[in-house]
Amino acid sequence: MTAERAALRRELRARRQSVPAAARIAAAEALAARLFELPFAPVHGAVAGYWAMGGEIALHAWQLRLPKTCTYCLPVLHADGRLRFAP
């Protein structure tokens with residue numbers, strides 16, 4: 001990663017973290033609502049997501065409302081450098 005890219009990532013993380021918690025929660029709720037409105041919203045099977053860090057918008061509001069027939073999966077970086085998703 002270049003120094004310029006690393007600096008940009010630090011700046012964006014700081015900006016995300018400066019958003020008040022209430023606004024981040026509201027954004028997560030709004031995102032969940034929008035995702036469920038999609039015509040291809042999942043109803044069963046594996047669903048890939050992520051665990052929010054550094055002020056990223058959280059998917060927990062969506063994850064917790066997924067149908068019970070869905071399995072929420074998170075990315076896992078394996079020793080071979082490949083990214084896979086695990087429940």
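**Salt bridges and core**

Author: Arg65 is partly exposed, with a relative accessible area of 46%. Please keep in mind throughout that this is a predicted model.

Reader: Okay, and which side chain does Arg65 meet in a salt bridge?

Author: The partner is Glu29, and the N to O distance in that salt bridge is 2.8 Å. Because Glu29 lies in helix H2 (residues 21-37) while Arg65 sits in the loop between H3 and E2, the pair ties together parts that are 36 residues apart in sequence. Glu29 is partly exposed too, at a relative accessible area of 33%.

Reader: How many salt bridges does the count come to?

Author: The count comes to 3 salt bridges. One of them joins Arg15 to Glu11, whose closest N and O atoms are 3.7 Å apart, and another joins Arg84 to Asp80, where the corresponding distance is 3.1 Å.

Reader: What separates Arg15 and Glu11 along the helix?

Author: About one helical turn separates them, because Arg15 and Glu11 are 4 residues apart in helix H1 (residues 3-17). Arg15 is exposed, with a relative accessible area of 54%, whereas Glu11 is partly exposed at 42%.

Reader: And Arg84 with Asp80, are those buried, partly exposed or exposed?

Author: Arg84 is partly exposed, with a relative accessible area of 34%, and Asp80 is likewise partly exposed, with a value of 49%.

Reader: Switching topic, which residues make up the largest nonpolar core?

Author: That core has 8 residues in all, namely Ala32, Val47, Leu59, Ala61, Trp62, Leu66, Cys70 and Tyr72. Helix H3 (60-63) and strand E2 (70-77) are the elements that give two or more residues to this core.

Reader: Let's stay with Tyr72 then; what does it contact beyond its neighbours in sequence?

Author: Leaving aside neighbours within four places in sequence, Tyr72 is in contact with Val47, Gly49, Tyr50, Leu59, Trp62, Gln63, Leu66, Ala86 and Pro87. Tyr72 is found in strand E2 and is buried, since its relative accessible area of 11% falls under the 20% cut-off.

Reader: Where does the Tyr72 side chain reach a backbone oxygen?

Author: The side chain of Tyr72 reaches the backbone oxygen of Tyr50, at a distance of 3.2 Å.

Reader: Last one: what does Cys70 touch, again ignoring close sequence neighbours?

Author: Not counting residues up to four places away in sequence, Cys70 touches Pro42, Val43, His44, Gly45 and Val47. Val47 is also on the contact list of Tyr72, and Val47, Cys70 and Tyr72 are among the residues of the largest nonpolar core.

Conventions: Residues numbered from 1 in each chain as written. Predicted model: local features only at pLDDT ≥ 70, side-chain atom pairs only at ≥ 80, totals over all residues. Heavy atoms only, no water. Core = buried A, V, L, I, M, F, W, Y, C linked by side-chain atoms within 4.5 Å. Buried < 20%, exposed > 50% of the residue type's maximum accessible area, 1.4 Å probe, protein only. Contact = heavy atoms within 4.5 Å. Salt bridge = Lys/Arg side-chain N within 4 Å of Asp/Glu carboxyl O. Polar contact = N/O pair within 3.5 Å; in protein donor to acceptor, adjacent residues only side chain to side chain.
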